[in-house]
Amino acid sequence: MRGLMPARGFQLIAIEAKRHRKSTPQKQVRIDHNTTILSIKQKSDKEMDIEMRYTVSYGLLGIVQLDCAIGYVDDSTNVVKKAVEKWDREHKLPDTIAEAVHNRTLAQGSFEVLNIAKKLNLPPPFKVEIPQIKIGKKKGASNSKDDSPEVT
C-alpha cells in the first residue's frame, strides 16, 4: 500500500449556496450529492493539485456548491505522471486516485455543507447523531464506582 493519505488537504476556493424562496415546506426532501473533478495540475513528479466541485442538491428547496483544491501525493515512480496523462487524454483518473480524491472531498466538504445548510435553514446533508448523556440509568448490573455520566 502506498502512503497513508495520498489525498491531502482541503482548500475551499468558492462557495455558492441558495435556498429557493418560493419553495414550500416539503415532507420529504431528496438530497443528492455529487463530486466532480474540474482540473488537474501536476506540481512535481510525485504530487498534483486537483480541483473538485462538491454539489449538494436539495431538489426544489435549494443547492449548496463548493469548489475546492485537494493535493495528491504518490511516491511511486510515474504514478502522478501517468495519472495526469490519462486525465489529459480521457478526462479520467485511475480508479484508486479518483476514489481517494472523491472520498476526501466528501469527507471534508460535508462539514462545510452542514454549516452552510444550517445558515440557510436547509436540512443537514447527512444524518447527524449527537451523543446524549444518561445520568443515573445504567444498563445491566454494573458494579462500577465511576460516577461519570454514560455517553451513548
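Predicted model: local features only at pLDDT ≥ 70, side-chain atom pairs only at ≥ 80, totals over all residues.
Trainee: Which residue does Arg-53 form a salt bridge with?
Mentor: Arg-53 forms a salt bridge with Asp-67, and the closest N and O atoms of that pair are 2.8 Å apart. The pair links distant parts of the chain, since Arg-53 sits in strand S3 (residues 47–57) while Asp-67 sits in strand S4 (residues 62–73), 14 residues apart.

Trainee: And is Asp-67 buried or exposed, then?
Mentor: Asp-67 is buried, because its relative accessible area is 11% and buried means under 20%.

Trainee: Switching to the helix, where do Lys-86 and Glu-90 lie?
Mentor: Both Lys-86 and Glu-90 lie in helix H1 (residues 79–90), 4 residues apart, which is about one turn of the helix. Lys-86 forms a salt bridge with Glu-90, the closest N and O atoms being 3.9 Å apart.

Trainee: What are the relative accessible areas there, say for Lys-86?
Mentor: Lys-86 has a relative accessible area of 24% and is partly exposed, and Glu-90, at 40% relative accessibility, also counts as partly exposed.

Trainee: Last topic: what does Asp-49 form a salt bridge with?
Mentor: Asp-49 forms a salt bridge with Lys-43, where the closest N and O atoms are 4.0 Å apart. Asp-49 itself is partly exposed, with a relative accessible area of 30%.

Conventions: Residues numbered from 1 in each chain as written. Heavy atoms only, no water. Salt bridge = Lys/Arg side-chain N within 4 Å of Asp/Glu carboxyl O. Buried < 20%, exposed > 50% of the residue type's maximum accessible area, 1.4 Å probe, protein only. Helix = DSSP H or I, 4+ residues; strand = E, 2+ residues; numbered from the N terminus.
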